[in-house]
Amino acid sequence: MSLKIVVLAKQVPDTRCVGKDAMNADGTINRSALPAIFNPEDLNALEQALRLKDTHPGSTVTMLTMGPGRAAEIIREGLYRGADNGYLLTDRAFAGADTLATSYALATAIRKIGKYDIIIGGRQAIDGDTAQVGPQVAEKLGLPQVTYVEEIEEIANGRIRVKRHIDGGVETVEGPLPIVLTVNGSAAPCRPRNAKLVMKYKRAMGGQEKAALAKDGQELAYSDLYEKRPYLNITEWSVADVDGDTSQCGLSGSPTKVKKIENIVFQAKESKTITGSDADVENLIVELLANHTIG
Amino acid sequence: MNNVFVYCEMEGTHVADVSLELLTKGRKLASELGCQLEAVCAGSGLADVEKQVLPFGVDRVHVFDAPGLFPYTSLPHTSILVNLFKQEKPQICLMGATVIGRDLGPRVSSALTSGLTADCTQLEIGDHEDKKNGVTYKNLLYQIRPAFGGNIVATIVNPEHRPQMATVREGVMKKEILDENYQGEVIRHDVAKFVPETDYVVKVIDRHVEKAKHNLKGAPIVVAGGYGMGSKEGFDMLFELAKELHAEVGGSRAAVDAGFCDHDRQIGQTGVTVHPKLYIACGISGQIQHIAGMQDAGIIISVNNDPNAPINSIADYVINGTVEEVIPKMIKYYKKNSK
């Protein structure tokens, strides 16, 4: 059977390379100091989707992301690896969303996409580590979910069998389509970009990216291409485009509020600094033995 | 009505430790708020389950006992909590930040449009003033957790939506029996009234669970390595030291991500929280997410060749040297002096 697959992906600041300038003086995140990357576990999810496309001819993979105009990069990265199309949810009204408002926006967009058999994303994003958006999207769409997926084993007769991680072990579960899946970072890594697809899609852009070029006074190269090859236009959707309710989006749709952000300065204990010399290390060990900390 | 609820995770007929830890915390929160503590146990064969939870000061135990409720699947457990919460209107709901809690919590919060904060490291009660709208909220749950990117701790509140939901990792809160003979009401619900038959669509067809290979959480001495250990082989040295000291070995997230040690040994906000009497940090710089998981250690020794490593500021002893040089000496002089 051919499958309609929607991949949920997020552009995130690369928290794995946090440097000294990662924070602003006021304690907020200096996003410009952190490179924006494809959330790692969403790449694992994309790979599972592309494998299904390989084994189920006629299947399509649709990328869905939410973010500012430059998040169109996520859709391009998907296209470079074999996705068929993508949508960027972008609107000021989406800003400041917690996980619940994010899942509302994504669920509304998925309804707009209309047909889907599998909705798949990473288990969690590295900028929040909450793992909440997948299950919340599933609930909003009234679909079953399987989280912590390691591998999709089989799809047959409208049912899917997957292997998943649980605390202290593994489980094999089976459920009906359509279904929402979230994939672990330990699942198969994503395939690299395909050179032919990079050639095909490298000029693909969203409206905001084109507008940003114009604002900088740069000319859009090969502007006539965008009419001749409609697939180069990455679709941007606003709240209105997906028939969303603004009161459920962004900051106003978020039950959780940040009350306070504290920069923690650890109270320096009265610490004793010693060298790594034989005498110093031996003295410390003797002291710890004497006061029964060890031994 | 408006009580504190704890979802108790079941492994077979046994309540998970993380849930008992949350009952202990939940008891304290309920007492501070002047309300009751209620527990929800859903599984199969739960005839005497209340005996496991009542001693933690639970006033009411909701038992849902049906064949399809173990092993856990998302939909039936979601329906139980959603329908129970619609009746009982809890003000707070706590659950473990486990695979189950992180599957169930968001689904329930979405169904009830309530806020959920993941991986909290502290929970407190306090007031919140919304200056913009001139409203003051009394006795909210402060959901406190480190945020990414440096030494940042965020306090999250849910002013308008109930229940205020939070997940907490195992080992973060202390497990303490309040009273072995604590009296509470036990309610055995008719599961069919809460869970439609259509919820049992996802089937667990195979399941392997192994007991943890180590007892990091309860270890009195922990030897932990960071990225500064350099390799998986570097960690062998730590295992050797740990063997001598009868300690357990843990690692920072950087060390785990680099493949130096197993994922289940990760110490920190998104790993295990430890409370040892002695913590030896080797080649660990000390990101706040790591410190959140070990700061309650009695004595902290930091072995680091960077005198400015953040962890040094909370260490009792700083050994300024390379791990390759210092750790073999610790092993050598322990052997020499302990006999």
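A residue is called buried if 20 or more other C-beta atoms lie within 10 Å of its own. In this predicted model, B:Ile92 has 26 other C-beta atoms within 10 Å, and it is therefore buried.

B:Ile92 belongs to strand β6 of chain B. When residues up to four places away in sequence are set aside, B:Ile92 touches B:Val4, B:Phe5, B:Leu29, B:Leu141, B:Pro163 and B:Gln164.

β6(B) spans residues 92–96, and five of its five residues are buried. In a regular strand the side chains alternate between the two faces of the sheet. In β6(B), B:Ile92, B:Leu94 and B:Gly96 lie on one side, B:Cys93 and B:Met95 lie on the other, and both faces are covered.

Strands of a sheet pair through backbone hydrogen bonds, either parallel or antiparallel. β6(B) runs parallel to strand β1 (residues 4–8) of chain B, to which three bridges join it; here B:Phe5 has B:Cys93 as its bridge partner. β6(B) also runs parallel to strand β11 (residues 164–168) of chain B, with five bridges between them, and B:Met95 is partnered with B:Thr167.

These strands form part of an open sheet of seven strands in chain B, with parallel pairing and the order β7-β11-β6-β1-β4-β5-β12. β7 (116–120) and β12 (185–188) of chain B stand at the edges and each have a single partner strand, so one side of each lacks a neighbour in the sheet. From one strand to the next, the twist averages 20°. Elsewhere in this sheet, strand β4 (residues 37–43) and strand β5 (residues 60–65) of chain B pair in the parallel sense over six bridges, with B:Ala42 bridged to B:Phe64.

Helices also lie across these strands. Helix α3 (residues 74–88) of chain B lies across β1, β4 and β5 of chain B, at about 150° to β4(B).

In soluble globular proteins, nonpolar side chains tend to be buried together. The largest nonpolar core in this model has 133 residues, of which A:Val7, A:Ala105, A:Leu106, B:Cys41 and B:Val53 touch the most other members. α3(A) gives the most to this core, with eight residues. Leaving aside neighbours within four places in sequence, A:Ala105 is in contact with A:Met66, A:Leu89, A:Phe94, A:Ala97, A:Gly244 and A:Cys249. Another core, of 53 residues, lies apart from the largest one and includes B:Ile221, B:Val222, B:Met237 and B:Ala315.

The last topic is the contact between the chains, which takes 66 residues from chain A and 71 residues from chain B. On the side of chain A that touches chain B, β9(A) provides the largest share, eight residues. By class, that side of chain A has 28 nonpolar, 22 polar and 16 charged residues. Strand pairing also links the two chains: β13(A) runs antiparallel to strand β10 (residues 152–157) of chain B, and six bridges join them. Within this pairing, A:Lys260 has B:Thr155 as its bridge partner.

Terms used
Residues are numbered from 1 along each chain as its sequence is written. Chains are lettered from A and ligands numbered from 1 in the order in which they are written. This is a predicted model: local features need pLDDT of at least 70, side-chain atom pairs count only at pLDDT 80 or more; totals for chains, interfaces and linings use all residues. Two residues are in contact if their C-beta atoms, placed from the backbone, lie within 7 Å. Helices (H or I, at least four residues) and strands (E, at least two) are DSSP runs, numbered from the N terminus. Ala, Val, Leu, Ile, Met, Phe, Trp, Tyr, Cys and Pro count as nonpolar, Asp, Glu, Lys and Arg as charged, and the others, Gly among them, as polar. Two strands pair if DSSP finds at least two bridges between them. A nonpolar core is a set of buried Ala, Val, Leu, Ile, Met, Phe, Trp, Tyr and Cys residues joined through C-beta atoms within 7 Å. A residue is buried if 20 or more other C-beta atoms lie within 10 Å of its own, exposed if 12 or fewer, and partly exposed in between; C-beta atoms are placed from the backbone. Axes are lines fitted to C-alpha atoms, for helices over the stretch in contact, and angles run from 0 to 180 degrees between N-to-C directions.
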